[in-house]
Amino acid sequence: MRCKFCENKAYIKIHYPKMYLCVDHFIEYFERKVKRTIERYKLLKPSERILVVISGGKDSAVTAYILKKLGYNIECLHINLGIGEYSRKSEEYVKRQCELIDAPLHIVRVKEILGAGIGEVRTRRPTCSYCGLTKRYIFNKFAYDNGFDVIATGHNLDDEASFIFSNLMNWNTEYLAKQGPLLLGEGVFVKKVKPLYEVTEREVVAYALAVGIEYLIEECPHARGATTIEYKEILNRMEEERPGTKINFVKGYLRKKSLFGQELEKAELHACEVCGMPAQREKCSFCRFWRLDEPINFKI
């Protein structure tokens with residue numbers, strides 16, 4: 001097949017809208033789509049200092065690459081989770097990805113600051129649950145301590161569709177009230193954005209290969225059997241039968257998101273007695289889980 005816009009051989013078939021594109025026109029299409037997402041949802045300003053949370057995988061690497069190419073002022077943060085060989089490989093890929101785009105890289109190693117890696121803690125809490133808590137705390141505190149205006153993550157359309165689907169299936173309406181491509185900052189909470197919000201995982205892979213980004217392919221060993229993976233497979237089958245299902249589902253959610261607003265309750269917060277971050281009890285969830293008695297200073 002030939003590219004829709006020239007006589008070159010097609011590199012990829014875009015399912016929605018249906019068209020074939022060569023490498024050059026696909027790169028142009030992808031970057032224009034991300035740029036349009038940033039503009040549509042007013043995610044970023046040229047003057048903002050952006051911290052890209054980068055894992056070694058394709059999504060965060062592409063996020064950093066494209067924001068740098070679009071001229072934004074970015075620095076990268078990698079959280080080494082202390083998961084044996086997986087984390088060692090992740091950090092190697094992150095270093096290569098940041099060298100490729102000449103972006104400053106900061107590394108926080110969980111095992112060094114907390115005494116144990118993810119998966120090494122004796123707890124009844126699911127590993128993915130306290131891993132998420134740990135990552136969210138670290139990247140927000142790091143951004144706040146070092147004066148960043150915004151945090152960018154690599155969540156793509158497939159991630160968002162599966163997350164919304166999962167929370168609808170379980171009627172987690174409080175979570176549904178807070179999701180979207182933009183989470184405004186407030187107080188010590190730094191603004192968070194998702195520039196890849198409207199591009200599919202398949203398109204992210206194709207873009208990474210087209211521009212020469214190396215990335216870690218293997219999944220985190222603790223993610224095996226996660227329900228979000230099952231939901232992604234269900235949505236993929238629906239997308240194959242009806243192209244456009246994912247983007248229409250996510251855009252429909254954004255239109256109706258306000259219906260869940262009443263589920264948000266303003267909890268009474270005060271400063272954590274250890275780190276000073278917002279907490280409902282004497283200690284915040286992070287300090288309580290990791291049993292901290294002294295704050296962690298992330299200043300560069």
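# Salt bridges, strands and a charged patch

Glu 198 is buried, with a relative accessible area of 4%, where buried means under 20% relative accessible area, exposed over 50% and partly exposed in between (1.4 Å probe, protein chains only). The model is a predicted one, in which local features need pLDDT of at least 70 and side-chain atom pairs count only at pLDDT 80 or more, while totals for chains, interfaces and linings use all residues. Residues are numbered from 1 along each chain as its sequence is written, and side-chain values use heavy atoms, with hydrogens and water left out.

Q: Which side chain meets Glu 198 in a salt bridge?
A: A salt bridge is a side-chain nitrogen of Lys or Arg within 4 Å of a carboxyl oxygen of Asp or Glu. For Glu 198 the N to O value is 2.7 Å, and the pair links distant parts of the chain, 158 residues apart, with Glu 198 in the loop between strand S8 (191-193) and helix H8 (201-211) and its partner in helix H1 (residues 23-40). Helices (H or I, at least four residues) and strands (E, at least two) are DSSP runs, numbered from the N terminus. The partner is Arg 40.

Q: Is Arg 40 buried or partly exposed?
A: The relative accessibility of Arg 40 is 38%. Because of this value, Arg 40 counts as partly exposed.

Q: How many residues apart in sequence are the parts tied together by Glu 218 and Lys 89?
A: Glu 218 forms a salt bridge with Lys 89, the closest N and O atoms being 3.1 Å apart. Glu 218 lies in the loop between H8 and helix H9 (227-241), whereas Lys 89 lies in helix H3 (residues 84-101), so the parts that this pair ties together are separated in sequence by 129 residues.

Q: What separates Lys 141 and Asp 145 in helix H5?
A: The side chains of Lys 141 and Asp 145 meet in a salt bridge at 3.0 Å, N to O, and both residues are buried. Because they are four residues apart in helix H5 (residues 127-145), their separation is about one helical turn.

Q: How many salt bridges does a search of the whole structure find?
A: Some residues are linked in a network of salt bridges, namely Lys 58, Asp 59, Asp 159, Glu 201 and Lys 232. For the whole structure, the search finds 22.

Q: What is the bridge partner of Val 52 in S6?
A: Strand S3 (residues 49-53) and strand S6 (residues 150-152) pair in the parallel sense over three bridges. In S6, the partner of Val 52 is Ala 152.

Q: Which residues make up the covered face of strand S2?
A: Strand S1 (residues 12-15) and S2 run antiparallel and are joined by four bridges, forming a hairpin with two residues between them. In strand S2 (residues 18-21), Lys 18 and Tyr 20 make up the uncovered face, and the covered face is Met 19 and Leu 21.

Q: Where is Lys 178 placed?
A: At 37% relative accessibility, Lys 178 counts as partly exposed. The place of Lys 178 is the loop between helix H7 (173-176) and strand S7 (182-183).

Definitions and conventions. Two strands pair if DSSP finds at least two bridges between them.
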